[in-house]
Amino acid sequence: SHMEEYDPRGTVKAAMKKHPKLNENVAIYTIHGPFFFGAMNVFDRKINEHINIRKKIVVLRNGHVTFIDSTGVARLNSFLEERKKANSIVILTGLRPQVKKVLFNNKDFNKNMNKEHIFESLEETLMYIENNLLPKEETKAEQKQQ
């Protein structure tokens, strides 16, 4: 699911409302259930619906992913490669231990995924994005000097 579908009173919408720069630059998706061969058509359809968003940062929430198979790993790797070509940053959150183990044992994933962009929680992720990946706002003193 894409962030547009989230509960307006939930944590994602509240965080995005509180930080307008995030809203301009970040797309958040939640993957529900096993990420395997049978789910690829749903993943591709949802991603293709929103691929024209062209946000700089894509967050994939994985807390509900209980299992990933070789097809899921291959599709995730191709997604990472596609986003890299589009100059996007992909961030993963909430990887369960068994899913993390499968991913970290895959050489293509290790090559494609920046380990600094893997977080436990969405809140931690959004704070990292805001502090490290978004342009800093100039203070009024800096604006006057220009």
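Is N87 buried or exposed? I checked, keeping in mind that this is a predicted model. N87 has a relative accessible area of 66%. The cut-off for exposed is over 50%, so N87 counts as exposed.

Next I looked up where N87 sits. I found N87 in the loop between helix 4 and strand 3 (89–93). Then I read its backbone angle. N87 has a positive phi of about 60 degrees, although N87 is not a glycine. I noted the background too: most residues other than glycine have a negative phi.

I moved back to helix 4. Helix 4 covers residues 70–85, which is 16 residues. I got 23 Å from its first C-alpha to its last, close to the expected 22 Å.

I looked at the start of helix 4. D69 caps the N-terminal end. A side-chain oxygen of D69 lies 3.1 Å from the backbone nitrogen of T71.

Which residues of helix 4 are buried? I listed G72, V73, R75, L76, N77, F79, L80 and R83.

The side chains of N77 and N112 are joined by a polar contact of 3.3 Å. I placed N112 in helix 6 (residues 107–112). Why does N112 count as buried? Its relative accessibility is 10%, and buried means under 20%.

Last, I looked up what N112 touches. I left aside its neighbours within four places in sequence. N112 is then in contact with N77, L80, E81 and K84.

Notes:
Residues are numbered from 1 along each chain as its sequence is written. This is a predicted model: local features need pLDDT of at least 70, side-chain atom pairs count only at pLDDT 80 or more; totals for chains, interfaces and linings use all residues. Side-chain values use heavy atoms; hydrogens and water are left out. Helices (H or I, at least four residues) and strands (E, at least two) are DSSP runs, numbered from the N terminus. The expected span of a helix is 1.5 Å times one less than its number of residues. Buried means under 20% relative accessible area, exposed over 50%, partly exposed in between (1.4 Å probe, protein chains only). A polar contact is a pair of N or O atoms within 3.5 Å; within protein, one must be able to donate a hydrogen and the other to accept it, and residues adjacent in sequence count only if both atoms are side-chain atoms. Contact means heavy atoms within 4.5 Å.
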